[in-house]
Amino acid sequence: MPDCFDATVLENKQVAAEKIWRMKLWCPKIAREALPGQFITIKCEGSTFLRRPFSVGLVKKKRRLLLFSWGEPCSFFIHYKVVGPGTTWMSQRQKGEEMDVFGPLGGRGFIVYPHHQAILVAGGIGLAGLLRLGQAILAETKTRPILIFGVKDSRAFFALPLRSRRLNLQICTEDGSLGTKAKATECLEAALEEYRKQGTPVMVYAVGPRAMLRETAKITRERETPCQVLMEEMVGCGIGVCLGCTVPTTRNDWLKHTPICTYGPMFWRHEIEWQNLRY
Ligand SMILES: Cc1cc2nc3c(=O)[nH]c(=O)nc-3n(C[C@H](O)[C@H](O)[C@H](O)COP(=O)(O)OP(=O)(O)OC[C@H]3O[C@@H](n4cnc5c(N)ncnc54)[C@H](O)[C@@H]3O)c2cc1C
Ligand code: FES
């Protein structure tokens with residue numbers, strides 16, 4: 001059940017030139033309960049009225065010695081891009097301050113398929129919504145997930161806090177300043193082709209700008225590959241009351257316009273009416 005918490009800021013620092021920040025929050029209940037893809041909302045003071053939603057990223061356990069950690073998860077990271085008053089206010093918070101956090105929110109997070117080759121496709125700050133999933137796949141399966149991280153240029157790149165030799169990280173930039181010069185979706189096409197030849201079943205998970213999600217949906221539809229996407233919309237209440245966060249879906253009932261906060265934010269590609277999205 002989501003609840004309101006005073007979460008203590010353990011760390012808050014800029015991690016990429018393109019105004020991308022990482023915040024670590026102490027909040028054992030959310031760290032323990034948040035599923036991959038779920039999110040929190042933060043009450044930002046100042047000129048903002050609505051709480052601002054952010055994906056729960058990596059969760060951290062209480063005790064740590066060198067590379068080992070144990071005990072219950074007690075803190076978690078969020079990565080955020082400073083785009084307006086709410087995120088500007090967040091970037092000014094100092095270690096030790098308390099934040100009013102509501103969560104974990106979202107009725108349905110990503111579903112891990114342990115016998116499929118996982119391909120995670122992240123566009124820019126969308127990576128924030130995939131880190132908890134990457135952590136879960138590495139912990140729960142023996143597979144070697146691929147993470148395709150596409151950014152505009154090297155200024156928007158931020159180092160992954162997720163370390164594992166099993167993670168196959170592919171970085172691509174539009175201008176070729178880092179990794180491969182390609183769009184994330186072009187790298188996805190190449191990877192899908194490879195696995196098609198091998199006959200390996202694949203599960204695609206995608207988070208990023210709408211244009212990237214549309215293209216990912218098209219590519220996976222054409223190849224009949226299952227695909228889970230994380231939909232972002234303006235979030236108000238976060239609990240299914242205001243209906244401010246709906247996306248058009250193929251559901252055949254009154255919930256054709258489906259709130260992402262209670263039925264998502266994860267949707268299967270075929271559940272979204274891509275042609276009727278607002279943007
Ligand atoms: C489920 C979900 C998870 C998200 N996870 C992340 C994340 O991990 N990292 C990250 O950087 N961003 C994330 N976002 C987007 C983030 O919520 C917005 O960037 C943030 O609210 C901007 O607030 P602002 O006051 O700084 O900017 P504003 O000037 O208020 O808005 C800038 C833009 O942010 C969007 N936005 C504003 N308010 C909301 C709102 N209440 N709900 C949704 N979108 C809004 C609008 O598109 C707007 O154009 C997520 C959004 C959703 C819905
Ligand atoms: S934010 Fe109110 S219904 Fe989703």
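**Figure 1. Strand 8, a covered strand in a predicted model.** Gln117, Ile119, Val121 and Gly123 point one way from strand 8, while Ala118, Leu120 and Ala122 point the other way, and all of them are buried. This is a predicted model, so keep that in mind for every view that follows. Strand 8 is mostly covered, with seven of its seven residues buried.

**Figure 2. The partners of strand 8.** Which strands pair with strand 8 here? One is strand 12, which runs parallel to strand 8 and is joined to it by six bridges. Look for Ala118, which stands opposite Met203 in strand 12. Another is strand 9 (residues 146-151), also parallel, with five bridges to strand 8. In strand 9, Ile148 is the bridge partner of Val121.

Figure 3. One residue pair to find is Val229 with its bridge partner Phe267 in strand 16.

**Figure 4. Tyr205 and its surroundings.** Tyr205 lies in strand 12. Is Tyr205 buried or exposed? There are 29 C-beta neighbours inside 10 Å of Tyr205, so this residue counts as buried. Leaving out residues up to four places away in sequence, Tyr205 touches Phe110, Ala118, Leu120, Leu130, Leu133 and Gln228. Take Leu130 as an example: Tyr205 and Leu130 are 75 residues apart in sequence, yet their C-alpha atoms are 8.0 Å apart in space.

**Figure 5. A hairpin made by strands 1 and 2.** Strand 1 (residues 3-16) and strand 2 run antiparallel, joined by seven bridges. Together they form a hairpin with three residues between them. In the turn you can find Lys19, which has a positive phi of about 50 degrees. Val9 stands opposite Leu25 in strand 2. Six of the seven residues of strand 2 (residues 20-26) are buried, so strand 2 is largely enclosed by the rest of the structure.

**Figure 6. The shell around ligand 1.** How many residues surround ligand 1? There are 24, and the closest are Arg52, Gly84, Gly86, Thr87 and Ala128. Strand 4 (52-55), strand 6 (68-81) and helix 2 (85-91) each supply at least two residues of this shell. By type, the shell residues divide into 13 nonpolar, seven polar and four charged.

**Figure 7. Stepping back to the protein chain.** The protein chain has six helices and 16 strands. Its C-alpha trace spans about 50 × 50 × 35 Å along the principal axes. For 279 residues, a compact globule would have a radius of gyration near 19 Å, and the 18 Å of the protein chain agrees with this. Buried residues make up 42% of the 279 residues.

How values were computed: Residues numbered from 1 in each chain as written. Chains lettered and ligands numbered in written order. Predicted model: local features only at pLDDT ≥ 70, side-chain atom pairs only at ≥ 80, totals over all residues. Helix = DSSP H or I, 4+ residues; strand = E, 2+ residues; numbered from the N terminus. Rg over C-alpha atoms; globule rule 2.2 N^0.38 Å. Buried ≥ 20, exposed ≤ 12 C-beta atoms within 10 Å, placed from the backbone. Pairing = 2+ DSSP bridges. Near = placed C-beta within 6 Å. Nonpolar A, V, L, I, M, F, W, Y, C, P; charged D, E, K, R; others polar. Contact = placed C-beta atoms within 7 Å.
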